[in-house]
Amino acid sequence: MKVDAPRIPQDALDALSDKSKACISNIINYLASLEYPDLPLNSQSKVAAVLVLLYEVDGDLRVLLTTRSKHLRTHAGQTALPGGKKDPTDIDLIMTAYREAYEEVTLPMNSPNVHTLGHLEPFISLHRILVTPVVAFLSKPDLILSLEAAQEEVSHIFSHPLEAILDPSLAKRGPLVAVGREDWPYESDVYNTSDSVVQMLGNTTYRMHRFRSSASPIKGLTADILIKTAEIAYARPTIYERYAPEQLRNIVDIVRAISTATSGSRPTIHEQTLD
């Protein structure tokens with residue numbers, strides 16, 4: 001899935017803070033040099049894409065997020081990046097991410113204000129769906145105000161400061177849900193984590209990250225994708241321990257572990273609902 005070099009208008013770049021310009025440059029440079037893993041997919045494999053849409057507000061980058069409708073059969077009320085499974089009519093996963101974003105939040109297709117920066121290595125959820133994050137930059141932040149949630153899929157559209165994924169205390173600069181309520185039932189202030197041994201991953205440990213936000217908590221697959229994006233953008237690690245001891249970190253190792261723990265046959269990816 002080849003991506004042309006991003007062509008962000010110079011006036012849009014000039015309008016950014018120095019910090020945001022450096023972040024966008026870091027992402028572009030990283031994605032341009034990224035070598036994608038050769039994963040063992042076959043004709044029965046199902047894949048998906050999500051859109052990591054970044055834009056600047058008051059000198060800081062934010063990321064577009066949604067809260068899934070509480071009427072959905074799975075993962076109701078959870079935070080997600082716009083996205084979903086690849087349709088047969090999608091020419092590639094970039095199209096998948098944009099089509100899903102249009103369907104979920106009415107983000108215009110082929111907008112001159114949305115600039116594709118590239119895509120990260122795929123992630124795999126605990127439900128074995130292979131998810132490719134497509135990273136894009138929105139040069140006209142006012143467009144966010146015109147977005148509308150698809151009521152059958154999305155109950156709320158919100159955003160979160162990207163840098164607060166590296167340092168959760170930064171989220172306190174803006175409004176947050178109340179501690180102890182449904183959307184943040186934890187005693188901790190802005191960040192919560194727990195480790196679990198996952199049989200599907202060869203009985204290795206997986207660390208779940210949870211971030212308090214202005215809406216539903218950011219956790220699971222969505223948190224993992226944003227941690228990776230933020231580390232690339234700001235060229236520094238998280239202030240907390242990113243991985244559990246002996247946690248698998250490479251997507252190839254993860255797919256291999258899933259194969260070994262299930263059928264022991266050639267590893268394939270099966271479609272499930274996004275975390």
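Colleague: Which residue stands opposite phenylalanine 137 in strand 7?

Modeller: Histidine 115 does. Two strands pair if DSSP finds at least two bridges between them. Strand 5 (residues 114-119) pairs with strand 7 in the antiparallel sense, over 5 bridges. One caution first. This is a predicted model, where local features need pLDDT of at least 70, side-chain atom pairs count only at pLDDT 80 or more, and totals for chains, interfaces and linings use all residues. Residues are numbered from 1 along each chain as its sequence is written, and side-chain values use heavy atoms, with hydrogens and water left out.

Colleague: Which other strands are joined to strand 7 by bridges?

Modeller: Valine 52 has valine 135 of strand 7 as its bridge partner. Strand 6 (residues 123-124) runs antiparallel to strand 7, with 2 bridges. There, phenylalanine 123 stands opposite valine 131.

Colleague: How many residues of strand 7 are buried?

Modeller: Start with the cut-offs. Buried means under 20% relative accessible area, exposed means over 50%, and partly exposed lies in between (1.4 Å probe, protein chains only). In strand 7 (residues 130-138), 9 of the 9 residues are buried. Both faces are covered. One side holds Leu130, Thr132, Val134, Ala136 and Leu138. The other holds Val131, Pro133, Val135 and Phe137.

Colleague: Is isoleucine 94 buried or exposed?

Modeller: Isoleucine 94 is buried, with a relative accessible area of 11%. Its place is in helix 3 (residues 93-105). Its C-alpha atom is separated by 8.0 Å from that of histidine 119, which is 25 residues apart from it along the chain.

Colleague: How many helices and strands does the chain have?

Modeller: Helices (H or I, at least four residues) and strands (E, at least two) are DSSP runs, numbered from the N terminus. Here there are 5 helices and 11 strands. The radius of gyration is 18 Å, close to the 19 Å from the globule rule for 275 residues, so the chain is as compact as a globular protein of that length. That radius is taken over C-alpha atoms, and the rule is 2.2 Å times the number of residues to the power 0.38.

Colleague: What share of the contacts with a separation of 6 or more joins residues 24 or more positions apart?

Modeller: A contact means heavy atoms within 4.5 Å. In this chain, the share is 67%. As for burial, 51% of the 275 residues count as buried.
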